[in-house]
Amino acid sequence: MGASRIVAIVIVVAGVLALAYGGFSYTSKDTAAKLGPVEIKVEKENRVNVPMWAGVAAIVVGGLLFVGAGRR
């Protein structure tokens, strides 16, 4: 299996995950206040939404790359 087929599979899997979950979230840490040596830190959860068309496009492009890699 060539490298282009592996990349195609990864793109298809990413597209399927984007459709299944609709995005991903991550946690960021910020300093809310600093008084001398004392710091107050706040954790905030951020969400990144992946549009449905991006997931579908990734599946289509990955499928085309997979089929194209098989014809060489």
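This is a predicted model: local features need pLDDT of at least 70, side-chain atom pairs count only at pLDDT 80 or more; totals for chains, interfaces and linings use all residues.
Me: What is the order of the elements along the protein chain?

Reply: From the N terminus the order is α-β-β-α, made up of 2 helices and 2 strands.

Me: How do S1 and S2 pair, parallel or antiparallel, and over how many bridges?

Reply: S1 and S2, the latter covering residues 38-49, are antiparallel and share 12 bridges. Ala33 has Ile40 as its bridge partner in S2, and Thr31 stands opposite Lys41 in S2.

Me: What should I expect of side chains along a strand, and where does Val42 lie?

Reply: In a regular strand, side chains alternate between the two faces of the sheet. Val42 lies in strand S2. Val42 counts as partly exposed because its relative accessibility is 38%, and partly exposed covers the range between under 20% for buried and over 50% for exposed.

Me: Which residues is Val42 in contact with, beyond its neighbours within four places in sequence?

Reply: Those residues are Ser28, Lys29, Asp30 and Ala32. For Gly63, 21 residues away along the chain from Val42, the C-alpha separation is 43 Å.

Me: How is the span of a helix judged, and what does H1 reach from its first C-alpha to its last?

Reply: The span is compared with the value expected at 1.5 Å a residue. H1 runs over residues 3-21, 19 residues in total, and reaches 27 Å, close to the 27 Å expected.

Me: Which residues of H1 are buried, and why do they fall on the same side?

Reply: The general idea is that an α-helix has 3.6 residues a turn, so residues three or four places apart point the same way. In H1, the buried residues are Ala8, Gly15 and Ala18. They lie on the same side of H1 because they cover an arc of only 85° around the axis. On the other side of H1, the exposed residues are Ala3, Val10, Ala20 and Tyr21.

Me: What covers the buried residues of H1?

Reply: The cover includes strand S1, residues 23-35, and helix H2, residues 52-70.

Me: Where is Val60, and is it buried, exposed or partly exposed?

Reply: Val60 is in helix H2. Val60 is partly exposed, since its relative accessible area is 46%.

Me: What radius of gyration does the protein chain have, and what would a compact globule have?

Reply: A compact globule of 72 residues would come near 11 Å, but the protein chain has 20 Å. Along the principal axes, its C-alpha atoms fill a box of roughly 65 × 25 × 10 Å.

How values were computed
Residues are numbered from 1 along each chain as its sequence is written. Side-chain values use heavy atoms; hydrogens and water are left out. Helices (H or I, at least four residues) and strands (E, at least two) are DSSP runs, numbered from the N terminus. The expected span of a helix is 1.5 Å times one less than its number of residues. Buried means under 20% relative accessible area, exposed over 50%, partly exposed in between (1.4 Å probe, protein chains only). The arc is that of the directions from the helix axis to the C-beta atoms. Contact means heavy atoms within 4.5 Å. Two strands pair if DSSP finds at least two bridges between them. The radius of gyration is taken over C-alpha atoms; the globule rule is 2.2 Å times the number of residues to the power 0.38.
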